[in-house]
Every structure is written in C-alpha cells, then in structure tokens.
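Visitor: I would like to learn how to read the features of a structure one by one. Please take me through this one.

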Amino acid sequence: MPGNDPLHALRPATVLVADDEEAARRLLRRILEPAGYAVVEAASGTEALDQVASLRPDLIILDITMPDIDGVTVCARIKSDPATHLIPVVHITGMTTRNQRLAALAAGSDEFVAKPFDIEELLTRVRSLLRTKNLTDHLVSVEAVVVALARTVEARDNYTEKHLRRVADRSVEVARRMGMTEREIEGVRLGGLLHDLGKIAVPDGVLLKPGPLDRAEFALVRRHPEAGAEIVRPLRAFDGPEPAILHHHERFDGTGYPYGLRGEQIPLAARVVAVADSFDAMTTDRPYRAALSQAVAFQRLEDGRGEQWDPSTVDVFLAAYAGRVPAQEASEGL
Ligand SMILES: [Fe+2]
C-alpha cells in the first residue's frame, strides 16, 4: 500500500488515466483505487494534456490510440516540457503496432502494459515508477534547499542580487560553446550557483571586514572551496558541481588555491566557473571598490589569459559576451 511507504507518507499519489474507452478507464480505476491511489480520468488526448497542466499527476497511464491527439504525441509533449518531463508515463498497448511502440519509446515513454492487464504486474510497475519519481522529487527539493543556502551566503557577502544566477548562466553558455556534454553542463550550472557555498563557514567578522585581512583571516577565507565541496559531497545526486566548487580559485599558472593545480590539471568546469565568477565580481560594486566597466573587465580577462585563467575559456567567454572572434578562428581566417 502506498500509505505504508514513507515516501508516500504525505498524500496518496495521483494517477491520471487517459483512454477514450470508458470501460478501460473504469477498469483501471477499480485496480488503482483499492491500492491507495487517487485516480483522475481523461477521455481524450486534449483532456489529458489539460489535466496534466492543471493537476500535475504523479503518474500517467496513457492509451496510444485516441481520436484527437494520440498517446504518443501526448507523451512527447509531456516529456518535452521541463515542468512535467519527470512525470512517468505508462502506455497501454492493445492493438498497438511495433512502430507505434517504437514511437512511444522515442517520445520518452517509461513503461508498456499490455491489455488485458495482469493486475499484479500493472501495480508493481506503477509502484516502482512512483518510487523513482518520489526520489527524483526529493532530489529536486534538496537542490532547491542547497541553492537557497547559497543565496543566503550571497546576501551575506554583500553581493548584489543575481550574482549566482549570472555566474551560472554565463558558465553554462561558455560550457555549451565548448561542446561539453549535457551532464557536464549541469555540473557547471550547479557549480556556478554553489561555488561560494563554503563561505557559510567563514565568520561575518572576516567575510565583511572592510580592511585588509591578516594571515589567519585570509586562511579562513581560502578554506571556502573545500568547505563548499564538503557540504555537497554527501549529496550523491550532486556529484556534478563538486569539481567547480573545489577548484574555482585555482589559477591556470598554478598559483591559486586550494591545491595549486596548474593548466589542464584544473577540471574544465572549474576553469569555466572561474572566468564567469571573476568577470561578475569585476563588474559588480564591492565594499572595497566600485564596479569596473564591462570593457575594462574584458580587457583584464584578456590580460590574464594563461596566468589567472584558462586561455581557451577566456577566448570563448569573450566571443560570447564581448563579440570577439576567438584567437584560433581569427588566425584560421588569415
Ligand atoms: Fe569563491
């Protein structure tokens, strides 16, 4: 029973049953309700999409052949919308052709259940998909909590609003242009959002000190990449951002911290976040200096190519934001 599962503790899961045949919907309701699920029905593809938009069911059981919008198209729309793409879709296959099944798989369908139903099999599949969905929802909310934590650090550090968002967005743009994989890009995005999370471990008196820091205070500030990495390390879904958090203060010439890594020893995600973070810090008012203009900041990046920052990351950043042609392409054009 879902009610006995701690992951379902708060409310029964809602299952949307979309089938143009009333008898089929009634049968599924008779199977699912006694197992503890709340069932809503849709008699057409259009109705199914409306219900998904308004109710956000936890799982959808979808007939393939429906008169208006077929089940494969409905599935494709659900799976292409970031707001609904994590909802599992189970297709009912009756007189379904192999091509329809392949199309459903391509549309992102999670499971097939053949008619006539084997009740135990259907319930087992529903239960297992809902368990995965609950874990995913849980991880998405863990991410929200950690990002909220990072925002409190940002506010405390006197950064103007949206610093983290800008660092994350620009890092993602650069990562994309560099041809990183979607998974790597996700690590870069989270790394951009969470890079300074470890400042939570730096006392206010040090973080907000207007004058120069003494040696011990500076050592505390320099701990923040490791402190941040330690916070995200136990969150298994968060293996993506750790390298960017841990290494965003390494310098390309090997004089950065915490490990003094040099050149390509520094994970690419960290080299990307370092450029985006530095640019945003330069163009933001800080307690100890006013913001630099973008033109001056672009020039500083250019001047620091190969010393503070990875030259190819700087080139891609300048191509994206300063409209400059990367050096390599410019020389190829000669
Ligand atoms: Fe930092």
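This is a predicted model: local features need pLDDT of at least 70, side-chain atom pairs count only at pLDDT 80 or more; totals for chains, interfaces and linings use all residues.

Visitor: Is Arg-56 buried or exposed?

Guide: Arg-56 has 12 C-beta neighbours inside 10 Å, so it counts as exposed. Arg-56 sits in the loop between helix 2 (45-55) and strand 3.

Visitor: What is the phi of Arg-56?

Guide: The general idea first: most residues other than glycine have a negative phi, and most peptide bonds are trans. For Arg-56, phi is positive, near 45°, and this residue is not a glycine. A positive phi, near 65°, is also found at Gly-323, which follows helix 14.

Visitor: Which residues are joined by a cis peptide bond?

Guide: Pro-116 belongs to the loop between strand 5 and helix 5. Another cis bond links Tyr-257 to Pro-258, with omega about 5°. Pro-258 is in the loop between helix 11 and helix 12.

Visitor: Let us turn to the sheet. In what order do the strands lie?

Guide: In general, strands of a sheet pair through backbone hydrogen bonds, either parallel or antiparallel. Here 5 strands make an open sheet, ordered 2-1-3-4-5, with parallel pairing. Strand 2 and strand 5 (111-114) are the edge strands, each pairing on one side only. On average, neighbouring strands of this sheet are turned by 25° against each other, direction ignored.

Visitor: How many bridges does strand 1 form with strand 2, and how many with strand 3?

Guide: With strand 2 (residues 38-42), strand 1 pairs in the parallel sense over 5 bridges. With strand 3 (residues 59-63), strand 1 pairs in the parallel sense over 4 bridges. Val-17 can be followed to both sides: it stands opposite Glu-41 in strand 2, and its bridge partner in strand 3 is Ile-61. Ala-18 stands opposite Leu-62 in strand 3.

Visitor: Why is strand 1 described as largely enclosed by the rest of the structure?

Guide: Of the 5 residues in strand 1 (residues 14-18), 4 are buried, so the strand is largely enclosed by the rest of the structure.

Visitor: What path does the chain take from strand 1 to strand 2?

Guide: The chain passes through helix 1 (residues 22-32), giving a right-handed β-α-β crossover. Helix 1 lies across strand 1, strand 2 and strand 3, and runs at about 160° to strand 1.

Visitor: How is the protein divided into domains?

Guide: The domain assignment gives domain 1 (2-135) and domain 2 (157-332). Taken over C-alpha atoms, the centres of domain 1 and domain 2 are separated by 43 Å.

Visitor: Which residues of the largest nonpolar core touch the most other members?

Guide: A nonpolar core is a set of buried nonpolar residues joined through C-beta atoms within 7 Å. The largest one has 38 residues, and those touching the most other members are Val-272, Val-273, Val-275, Leu-301 and Phe-317. Helices that each supply at least two residues of this core include helix 5 (119-156), helix 12 (268-282), helix 13 (294-303) and helix 14 (311-321). Helix 12 gives the most, with 9 residues. A second, separate core has 31 residues, among them Tyr-37, Ile-60, Val-90 and Leu-122.

Visitor: What is Leu-301 in contact with, beyond its neighbours within four places in sequence?

Guide: Leaving those neighbours aside, the contacts of Leu-301 are Val-275, Phe-279, Trp-309, Val-314, Phe-317 and Leu-318. In helix 14, the buried residues are Thr-313, Val-314, Asp-315, Val-316, Phe-317 and Leu-318.

Visitor: Is Arg-271 buried or exposed?

Guide: Arg-271 has 27 C-beta neighbours inside 10 Å, so it counts as buried. Arg-271 is part of helix 12. Not counting residues up to four places away in sequence, Arg-271 touches Ile-266, Asp-310 and Thr-313. From C-alpha to C-alpha, Arg-271 and Leu-149 are 23 Å apart in space, and they are 122 residues apart in sequence.

How values were computed: Residues are numbered from 1 along each chain as its sequence is written. A residue is buried if 20 or more other C-beta atoms lie within 10 Å of its own, exposed if 12 or fewer, and partly exposed in between; C-beta atoms are placed from the backbone. Two residues are in contact if their C-beta atoms, placed from the backbone, lie within 7 Å. Two strands pair if DSSP finds at least two bridges between them. A crossover is right-handed if, with the strands pointing away from the viewer, the path from the first strand over the helix to the second runs clockwise. Axes are lines fitted to C-alpha atoms, for helices over the stretch in contact, and angles run from 0 to 180 degrees between N-to-C directions. Domain bounds come from an automatic or database domain assignment.
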